[in-house]
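Try each task yourself, then check the steps below it.

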Amino acid sequence: VAGAGCTGLFTDDFENNIFDWRSIKPAWIETEGNLVGTPTGKKAIALAPETFAGCLNCKFRSVISFTEGQAGKVWILSHFVDKKNTLELKIKSNGKMKLIEKENGSRRQKVKGFYELLPNTFYTVDVDFDGTNIIVSVDGNPVISTPPVGNLQSGTLGFQSKFTTLS
């Protein structure tokens, strides 16, 4: 996560094999440079350590990979305060994406995008809010760009996985 005018506001390379993230739903491990979530039941959810207080104008960069085909779904959570106040990027393994902005439990907007994804391939996904627009890109290619509808709040980041192991 990089904030305005700085780099590396919060980073984790997942190299120490110690799971120090907040696990909301179980089955997350840190191994071989990856944070890996395998749902037991419906979802696996992990949030950055509470020591990271979040930021407002920042870029959330994640490198993700799906292990299965068409059913898998992952979410990159940014500006996460709680499940009622967040900006989330839902990515399906078939490449369909939805950027969803939630405020006080209401969905303020949903913007769709698409990027072709292959299983077992790592992709760099950026969710960037520059103070004016939310820009989603995959491997440097813009996929979604929109101004926020509500008032984005400073919050942490996290991941959610459903029907797939997320690395």
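**Exercise 1. Find the residue in β14 that stands opposite Phe80.**

Step 1. Phe80 faces Thr156 in β14. Strands here are DSSP runs of E with at least two residues, numbered from the N terminus, while helices are runs of H or I with at least four.

Step 2. A quick word on ground rules: residues count from 1 along each chain as its sequence is written, and side-chain values use heavy atoms, with hydrogens and water left out. This is a predicted model, so local features need pLDDT of at least 70 and side-chain atom pairs count only at pLDDT 80 or more, whereas totals for chains, interfaces and linings use all residues.

Step 3. In total, six bridges join β7 to β14, and the two run antiparallel. Two strands count as paired if DSSP finds at least two bridges between them.

Step 4. Now try β5, which is joined to β14 by four bridges, again antiparallel. Here Ile45 stands opposite Gln160.

**Exercise 2. Work out the strand order of the open sheet, and which strands stand at its edges.**

Step 1. Seven strands make up this open sheet, in the order β2-β5-β14-β7-β8-β9-β10, with antiparallel pairing.

Step 2. The edges belong to β2 (22-23) and β10 (106-114); each has a single partner strand, so one side of each has no neighbour in the sheet.

**Exercise 3. Decide how enclosed β14 is.**

Step 1. Seven of the seven residues of β14 are buried, so the strand is largely enclosed by the rest of the structure.

Step 2. Check both faces. Thr156, Gly158, Gln160 and Lys162 are buried on one side, and so are Leu157, Phe159 and Ser161 on the other.

**Exercise 4. Describe the largest pocket: its volume, its lining and the strands that supply it.**

Step 1. On a 1 Å grid over the protein atoms alone, a cavity is a set of points where a 1.4 Å probe fits but cannot get out; a pocket is an open set with protein on both sides within 12 Å along at least five of seven lines; lining residues have an atom within 4 Å of a point. Grid points join across faces, edges and corners, and the volume is the space filled by probe spheres set on the points.

Step 2. The largest pocket holds about 360 Å³ of space. Its lining has 20 residues, and Asp12, Phe14, Arg61, Ser62 and Phe159 are the closest to its centre.

Step 3. At least two lining residues come from each of β4 (34-37), β6 (58-64) and β14 (156-162). The largest share is that of β6, with four residues.

Step 4. Sort the lining by type: 12 nonpolar, five polar and three charged. (Ala, Val, Leu, Ile, Met, Phe, Trp, Tyr, Cys and Pro count as nonpolar, Asp, Glu, Lys and Arg as charged, and the others, Gly among them, as polar.)

**Exercise 5. Locate Asn104 and Asn120, and say whether each is buried or exposed.**

Step 1. Asn104 sits in the loop between β9 (96-103) and β10, and it is exposed at 61% relative accessibility.

Step 2. Asn120 belongs to the loop between β10 and β11 (123-129); this residue is exposed too, at 55%.

Step 3. Check phi: it is near 50° for Asn104 and about 60° for Asn120. Most residues other than glycine have a negative phi.

Technical notes
Buried means under 20% relative accessible area, exposed over 50%, partly exposed in between (1.4 Å probe, protein chains only).
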